[in-house]
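Below are some notes on a sheet, the helix lying across it and a few backbone details. Please read them alongside the model.

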Amino acid sequence: MRDKYSEIVMRYKSDIEIARDASKLPIQDIGNKLNIPSNHLLPFGHDKAKVSTEFIEHINENSDGKLILVTAINPTPAGEGKTTTTVGLGDGLNKIGKKAAICIREASLGPCFGMKGGAAGGGYAQVIPMEEMNLHFTGDFHAITSAHNLLSAMIDNHIYWGNQLGIDQRRVVWKRVLDMNDRALRQITVSLGGIANGFPREGGFDITVASEVMAILCLATDLEDLQERLGNIIVAYRRDKSPVFCRDLKADGAMTVLLKQAMQPNIVQTLENNPAFVHGGPFANIAHGCNSVIATKTALKLADYVVTEAGFGADLGAEKFLNIKCRKGKLKPSVIVIVATVRAMKMNGGVMKSDLDAENVMAVKEGCSNLGRHIENMKSFGVPVIVAINHFVKDTDYEVAAISDFVKLQGSEAIVCKHWANGSDGTIELADRVVELADSKEGDFKFLYEDSLPLLDKIQIIAKRIYRADEAVISGTIKDQLAVWEKAGYGNLPVCMAKTQYSFSTDPNLRGAPEGHSIPIREVRLSAGAGFIVAICGDIMTMPGLPSKPAAENIMLNENDLIEGLF
């Protein structure tokens with residue numbers, strides 16, 4: 001154990017410094033831990049690689065391991081550490097002798113240079129190489145951006161050269177994308193500058209992680225499935241409102257070529273040299289928030305226990321993981337772990353960030369309402385639920401006990417975890433209990449709603465049962481649009497809610513467990529290729545903006561050409 005040592009070291013070493021000091025193994029050695037032959041690893045340097053399509057096809061007959069989902073309470077500026085806990089639990093499972101792997105998403109440049117920072121864990125529970133993972137990594141996001149924008153270019157090119165498909169320029173629904181926060185691009189006019197540049201029309205940009213191409217890559221099972229899904233993308237409508245598909249423009253083949261290598265899962269390692277699949281990266285507040293199905297299913301064929309995460313709070317990422325990813329990928333979680341912190345409970349209890357270091361048991365108790373609602377919601381899916389209290393150095397025993405006592409009253413259990421300071425030594429108790437629950441075969445996983453329900457009912461069910469709203473407020477125009485899609489054969493699709501991550505409501509400042517609110521649905525979008533309907537709630541944006549002081553201001557190279565400020 002290195003509690004005291006870690007407390008001293010942490011005062012002087014950032015996450016990026018800890019990651020730099022790690023003793024990495026060659027990626028072939030990491031592959032060997034999962035019996036992946038080196039000839040089936042496409043190396044990107046010495047410490048990261050892609051797993052070949054041929055090998056993935058070869059292991060399809062293997063039995064599946066147990067799937068563990070890590071989620072969290074609604075995020076606060078105090079930090080929750082969901083990815084850190086995912087990594088810590090994966091290391092803990094390996095520490096107790098289990099063959100385990102983790103599956104997380106790739107980081108977007110938008111939040112890296114915006115507000116959130118990187119997405120590779122923290123302290124002594126990290127995935128490495130941290131710098132590459134948080135920047136360009138293996139180029140997957142660039143490939144997705146290129147494939148998406150190739151389709152955009154082919155739409156305008158088709159219109160320029162005579163528009164044989166009869167596209168109504170007022171009804172082009174396919175935007176362009178960029179993996180960066182840039183509010184100036186949300187709404188633009190394209191093709192200005194005269195006849196040679198085409199026909200002017202309104203357009204706009206989304207962030208790459210909100211792209212339907214990202215969702216498709218993360219839900220596709222193989223290249224054939226990928227191309228079929230790409231072909232099913234609806235890019236525009238004609239004057240008679242009939243859809244124009246990607247395949248009508250003959251763009252699906254070239255897009256598949258651009259995404260061929262990106263479809264292969266990436267494998268890297270934790271600080272403790274355990275295998276980690278890092279692949280795909282849809283946001284959970286504006287997309288479905290999970291790593292790729294192909295990475296998760298590959299890990300399940302190779303490991304006895306697979307720990308994965310879903311983005312933001314359980315009301316967003318976990319709900320979408322369970323209702324969309326598990327439905328589409330035929331997955332079934334064995335255990336759900338909800339991450340909570342004393343500091344976040346205080347903020348939900350009304351404490352300002354500047355006052356979090358002072359003991360405040362009453363605020364912890366008041367803030368636990370947020371945790372309680374997430375526990376209730378996750379239990380409704382029929383899966384055993386356990387709470388991981390991600391421990392901070394200044395947490396007091398009384399504050400921790402307040403959370404533990406509250407969780408017991410909810411019919412669950414809480415385990416204190418110190419993986420940030422102690423790595424796997426800090427998650428042994430959690431790992432033991434997770435194995436016990438996973439192997440007990442407790443629970444009976446079920447979806448929140450059936451495919452056959454009307455789209456309108458699915459939206460209302462999520463709003464009422466997960467967000468605890470009185471209703472989802474939906475205009476007649478949107479109801480008519482949903483009815484049109486149902487008539488066209490899309491009524492059996494699940495719903496992906498695009499909503500603020502900070503609250504159960506659409507008001508990001510309304511913490512805790514609000515009731516008596518409503519969920520206004522501003523817009524609905526059909527992602528026919530990915531296979532879900534997107535319902536945009538409140539003021540949520542699919543192209544974020546930078547904060548007043550973006551993280552980019554503090555990111556630079558030092559005199560030794562090493563990156564500073566990324567964490």
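1. A residue is called buried under 20% relative accessible area, exposed over 50% and partly exposed in between, using a 1.4 Å probe and protein chains only. Asn163 counts as buried because its relative accessibility is 18%. Asn163 is not a glycine, yet has a positive phi of about 55°. Its place is the loop between H8 and S7; helices (H or I, at least four residues) and strands (E, at least two) are DSSP runs, numbered from the N terminus.

2. On the source: this is a predicted model, in which local features need pLDDT of at least 70 and side-chain atom pairs count only at pLDDT 80 or more, while totals for chains, interfaces and linings use all residues. Residues are numbered from 1 along each chain as its sequence is written, and side-chain values use heavy atoms, with hydrogens and water left out.

3. Three strands form an open sheet in the order S7-S12-S13, with antiparallel pairing; two strands pair if DSSP finds at least two bridges between them. Strand S7 (167-172) and strand S13 (243-245) are the edge strands, each pairing on one side only. On average, neighbouring strands of this sheet are turned by 50° against each other, direction ignored. Axes here are lines fitted to C-alpha atoms, for helices over the stretch in contact, and angles run from 0 to 180 degrees between N-to-C directions.

4. Between S7 and strand S12 (residues 234-238), the antiparallel pairing extends over two bridges. Ile167 stands opposite Arg238 in S12.

5. Which helix lies across S7 and S12? Helix H8 (residues 140-160) does, running at about 135° to S7. Contact means heavy atoms within 4.5 Å.

6. His148 belongs to helix H8. Is His148 buried or exposed? His148 is buried, because its relative accessible area is 4%. Apart from neighbours within four places in sequence, His148 is in contact with Trp174, Lys175, Arg176, Val177, Ser211 and Val213.

7. Phe137 sits in the loop between H7 and H8. Phi of Phe137 is near 50°, a positive value in a residue other than glycine. With a relative accessibility of 10%, Phe137 counts as buried.

8. Where is the cis peptide bond that involves Pro129? That bond joins Ile128 and Pro129, with omega about 10°. Pro129 is in the loop between strand S6 (125-128) and helix H7 (130-134).
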